[in-house]
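Reader: I'd like to learn how to read a helix, a core and a disulfide. Can we work through an example?

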Amino acid sequence: MKKLTLLTISLSLIIFFAGTTKKAGYEIGDEVKNFTLKSVDGNMVSTSDYGSAKGFIVIFDCNTCPYSKMYQDRIMGLDEKYATKGYPVLAINSNDPERSPGDTYEEMVSYAKSNKYKHAYLYDADQSVAKNFGATSTPHVYILQKEGEKMVVSYIGAIDNNTKSAKKADKKYVESAVDALLEGKKPTETKTKAIGCTIKWKAA
(Lines give C-alpha, C1' and ligand atoms only; values in the text may rest on other atoms or scores of the structure.)
Protein backbone atom coordinates (compact mmCIF):
# COMPACT_ATOMS: atom_id res chain seq x y z
CA MET A 1 0.00 0.00 0.00
CA LYS A 2 2.84 2.32 0.96
CA LYS A 3 4.63 1.61 -2.36
CA LEU A 4 1.44 2.34 -4.28
CA THR A 5 1.01 5.66 -2.43
CA LEU A 6 4.61 6.68 -3.17
CA LEU A 7 4.18 5.75 -6.83
CA THR A 8 1.01 7.83 -7.04
CA ILE A 9 2.75 10.84 -5.47
CA SER A 10 5.74 10.50 -7.82
CA LEU A 11 3.52 10.34 -10.90
CA SER A 12 1.55 13.35 -9.68
CA LEU A 13 4.75 15.36 -9.24
CA ILE A 14 5.99 14.39 -12.72
CA ILE A 15 2.69 15.45 -14.29
CA PHE A 16 2.68 18.70 -12.30
CA PHE A 17 6.19 19.75 -13.31
CA ALA A 18 5.66 18.67 -16.91
CA GLY A 19 2.59 20.86 -17.05
CA THR A 20 4.26 23.88 -15.48
CA THR A 21 7.60 23.77 -17.35
CA LYS A 22 7.63 26.17 -20.30
CA LYS A 23 9.86 25.41 -23.24
CA ALA A 24 12.57 28.03 -23.74
CA GLY A 25 12.07 30.34 -26.69
CA TYR A 26 9.22 31.60 -28.81
CA GLU A 27 6.61 29.36 -30.39
CA ILE A 28 4.16 30.03 -33.22
CA GLY A 29 1.73 32.74 -32.16
CA ASP A 30 3.96 34.15 -29.41
CA GLU A 31 4.50 37.87 -29.13
CA VAL A 32 8.13 38.92 -29.66
CA LYS A 33 9.66 41.61 -27.48
CA ASN A 34 11.32 44.53 -29.23
CA PHE A 35 15.10 44.14 -29.28
CA THR A 36 18.00 46.46 -30.05
CA LEU A 37 21.36 45.27 -31.37
CA LYS A 38 24.49 46.82 -32.88
CA SER A 39 24.66 46.71 -36.66
CA VAL A 40 27.81 46.31 -38.74
CA ASP A 41 27.39 49.95 -39.78
CA GLY A 42 27.97 50.97 -36.16
CA ASN A 43 24.39 51.98 -35.44
CA MET A 44 22.05 50.46 -32.89
CA VAL A 45 19.11 48.84 -34.69
CA SER A 46 15.73 48.05 -33.17
CA THR A 47 12.66 46.36 -34.64
CA SER A 48 10.74 49.47 -33.59
CA ASP A 49 12.86 51.52 -36.02
CA TYR A 50 11.06 49.92 -38.95
CA GLY A 51 7.81 51.87 -38.79
CA SER A 52 6.55 50.76 -42.20
CA ALA A 53 7.51 47.09 -41.82
CA LYS A 54 4.73 44.51 -41.95
CA GLY A 55 7.03 42.02 -40.27
CA PHE A 56 10.56 40.66 -40.37
CA ILE A 57 12.54 37.69 -41.60
CA VAL A 58 14.83 37.15 -38.60
CA ILE A 59 17.71 34.80 -39.40
CA PHE A 60 20.28 33.67 -36.85
CA ASP A 61 23.42 33.60 -38.97
CA CYS A 62 27.20 33.95 -38.73
CA ASN A 63 30.40 34.31 -40.76
CA THR A 64 31.88 30.88 -40.26
CA CYS A 65 29.25 28.13 -40.48
CA PRO A 66 29.42 26.16 -43.77
CA TYR A 67 25.61 26.03 -43.86
CA SER A 68 25.39 29.80 -43.49
CA LYS A 69 27.84 30.14 -46.36
CA MET A 70 25.74 27.84 -48.55
CA TYR A 71 22.66 29.93 -47.77
CA GLN A 72 24.35 33.32 -48.07
CA ASP A 73 23.05 34.17 -51.55
CA ARG A 74 19.59 32.94 -50.62
CA ILE A 75 19.51 35.11 -47.52
CA MET A 76 20.55 38.14 -49.54
CA GLY A 77 17.93 37.20 -52.12
CA LEU A 78 15.19 37.06 -49.50
CA ASP A 79 15.97 40.61 -48.41
CA GLU A 80 16.11 41.80 -52.02
CA LYS A 81 12.73 40.20 -52.74
CA TYR A 82 10.83 41.04 -49.58
CA ALA A 83 12.32 44.14 -47.92
CA THR A 84 10.46 46.44 -50.31
CA LYS A 85 7.27 44.46 -49.61
CA GLY A 86 7.54 45.08 -45.88
CA TYR A 87 9.54 42.05 -44.69
CA PRO A 88 13.23 42.96 -44.39
CA VAL A 89 15.84 40.43 -43.32
CA LEU A 90 17.43 40.94 -39.91
CA ALA A 91 20.44 38.61 -39.73
CA ILE A 92 21.78 38.11 -36.20
CA ASN A 93 25.15 36.68 -35.19
CA SER A 94 25.00 35.27 -31.64
CA ASN A 95 28.17 33.14 -31.69
CA ASP A 96 30.61 33.54 -28.81
CA PRO A 97 33.81 34.97 -30.39
CA GLU A 98 35.89 33.17 -27.76
CA ARG A 99 34.70 29.87 -29.22
CA SER A 100 34.43 31.12 -32.80
CA PRO A 101 37.13 33.76 -33.45
CA GLY A 102 35.86 34.35 -36.97
CA ASP A 103 32.62 35.73 -35.56
CA THR A 104 33.86 38.78 -33.69
CA TYR A 105 32.11 42.09 -34.36
CA GLU A 106 35.14 43.29 -36.34
CA GLU A 107 35.04 40.17 -38.50
CA MET A 108 31.30 40.71 -39.04
CA VAL A 109 31.96 44.23 -40.32
CA SER A 110 34.62 42.97 -42.73
CA TYR A 111 32.52 40.00 -43.86
CA ALA A 112 29.43 42.10 -44.54
CA LYS A 113 31.48 44.63 -46.51
CA SER A 114 33.28 42.03 -48.64
CA ASN A 115 30.01 40.26 -49.43
CA LYS A 116 28.16 43.54 -50.08
CA TYR A 117 25.39 42.94 -47.58
CA LYS A 118 22.40 45.21 -47.99
CA HIS A 119 20.39 43.58 -45.23
CA ALA A 120 20.91 44.33 -41.55
CA TYR A 121 23.60 42.21 -39.89
CA LEU A 122 23.39 42.52 -36.12
CA TYR A 123 25.62 41.47 -33.22
CA ASP A 124 23.97 39.69 -30.29
CA ALA A 125 26.95 40.18 -27.96
CA ASP A 126 25.38 38.75 -24.80
CA GLN A 127 23.36 36.11 -26.69
CA SER A 128 20.16 37.28 -24.98
CA VAL A 129 18.20 37.64 -28.22
CA ALA A 130 19.09 34.11 -29.37
CA LYS A 131 18.06 32.77 -25.96
CA ASN A 132 14.77 34.68 -26.00
CA PHE A 133 13.96 33.30 -29.44
CA GLY A 134 15.13 29.79 -28.61
CA ALA A 135 17.44 29.75 -31.64
CA THR A 136 19.77 26.78 -31.86
CA SER A 137 21.34 26.83 -35.31
CA THR A 138 22.83 28.92 -38.08
CA PRO A 139 20.84 29.56 -40.13
CA HIS A 140 17.63 29.47 -38.05
CA VAL A 141 14.66 31.51 -39.30
CA TYR A 142 11.82 33.21 -37.45
CA ILE A 143 9.24 35.09 -39.53
CA LEU A 144 7.53 37.81 -37.55
CA GLN A 145 4.19 39.37 -38.47
CA LYS A 146 2.82 42.67 -37.16
CA GLU A 147 -0.62 42.32 -35.63
CA GLY A 148 -1.66 45.74 -34.39
CA GLU A 149 0.99 46.82 -31.90
CA LYS A 150 2.30 43.28 -31.49
CA MET A 151 4.97 41.37 -33.37
CA VAL A 152 3.96 37.71 -33.57
CA VAL A 153 5.88 34.59 -34.67
CA SER A 154 4.36 33.09 -37.84
CA TYR A 155 7.05 30.62 -38.93
CA ILE A 156 10.09 28.92 -37.39
CA GLY A 157 12.68 26.74 -39.08
CA ALA A 158 14.65 26.31 -42.28
CA ILE A 159 14.85 28.51 -45.38
CA ASP A 160 14.10 25.63 -47.74
CA ASN A 161 14.58 21.87 -48.03
CA ASN A 162 17.94 21.73 -49.77
CA THR A 163 21.01 23.08 -47.99
CA LYS A 164 23.33 22.62 -50.96
CA SER A 165 21.31 24.05 -53.82
CA ALA A 166 18.56 26.63 -54.13
CA LYS A 167 17.70 25.25 -57.57
CA LYS A 168 17.13 21.77 -56.16
CA ALA A 169 14.97 23.00 -53.28
CA ASP A 170 11.36 22.11 -54.10
CA LYS A 171 10.00 23.48 -50.83
CA LYS A 172 10.84 27.11 -50.18
CA TYR A 173 9.44 27.42 -46.67
CA VAL A 174 10.29 31.07 -46.02
CA GLU A 175 9.10 32.35 -49.39
CA SER A 176 5.86 30.39 -49.11
CA ALA A 177 5.23 31.72 -45.60
CA VAL A 178 5.90 35.37 -46.47
CA ASP A 179 3.86 35.12 -49.67
CA ALA A 180 0.94 33.79 -47.64
CA LEU A 181 1.23 36.62 -45.11
CA LEU A 182 1.33 39.19 -47.92
CA GLU A 183 -1.96 37.73 -49.15
CA GLY A 184 -3.48 38.06 -45.69
CA LYS A 185 -3.34 34.31 -45.06
CA LYS A 186 -1.66 32.11 -42.48
CA PRO A 187 1.32 30.04 -43.68
CA THR A 188 0.31 26.45 -44.43
CA GLU A 189 3.59 25.20 -42.96
CA THR A 190 4.57 26.99 -39.77
CA LYS A 191 7.42 24.92 -38.35
CA THR A 192 10.26 22.94 -39.91
CA LYS A 193 13.60 21.67 -38.65
CA ALA A 194 16.43 24.18 -38.93
CA ILE A 195 19.52 22.49 -40.40
CA GLY A 196 22.88 24.07 -39.68
CA CYS A 197 25.72 24.57 -37.23
CA THR A 198 24.93 24.89 -33.54
CA ILE A 199 25.16 28.36 -32.06
CA LYS A 200 28.42 28.66 -30.12
CA TRP A 201 27.28 29.47 -26.59
CA LYS A 202 29.39 31.20 -23.96
CA ALA A 203 30.80 28.99 -21.22
CA ALA A 204 28.52 28.87 -18.19
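Author: Here is a short walk through helix 5, the cores and the cysteines. This is a predicted model, where local features need pLDDT of at least 70, side-chain atom pairs count only at pLDDT 80 or more, and totals for chains, interfaces and linings use all residues. Residues are numbered from 1 along each chain as its sequence is written, and side-chain values use heavy atoms, with hydrogens and water left out.

Reader: Which residues have the most contacts inside the largest nonpolar core?

Author: In soluble globular proteins, nonpolar side chains tend to be buried together. A nonpolar core is a set of buried Ala, Val, Leu, Ile, Met, Phe, Trp, Tyr and Cys residues joined through side-chain atoms within 4.5 Å. Here the largest has 27 residues, and I57, L78, V141, I143 and V174 have the most contacts inside it. Helix 5 gives the most to this core, 5 residues.

Reader: Which cysteines form a disulfide?

Author: A disulfide is a pair of cysteine sulfur atoms within 2.5 Å. C65 is joined to C197, S to S 2.1 Å, and both are buried. The torsion about their S-S bond is about 85 degrees, so the disulfide is right-handed.

Conventions: Buried means under 20% relative accessible area, exposed over 50%, partly exposed in between (1.4 Å probe, protein chains only). Helices (H or I, at least four residues) and strands (E, at least two) are DSSP runs, numbered from the N terminus.
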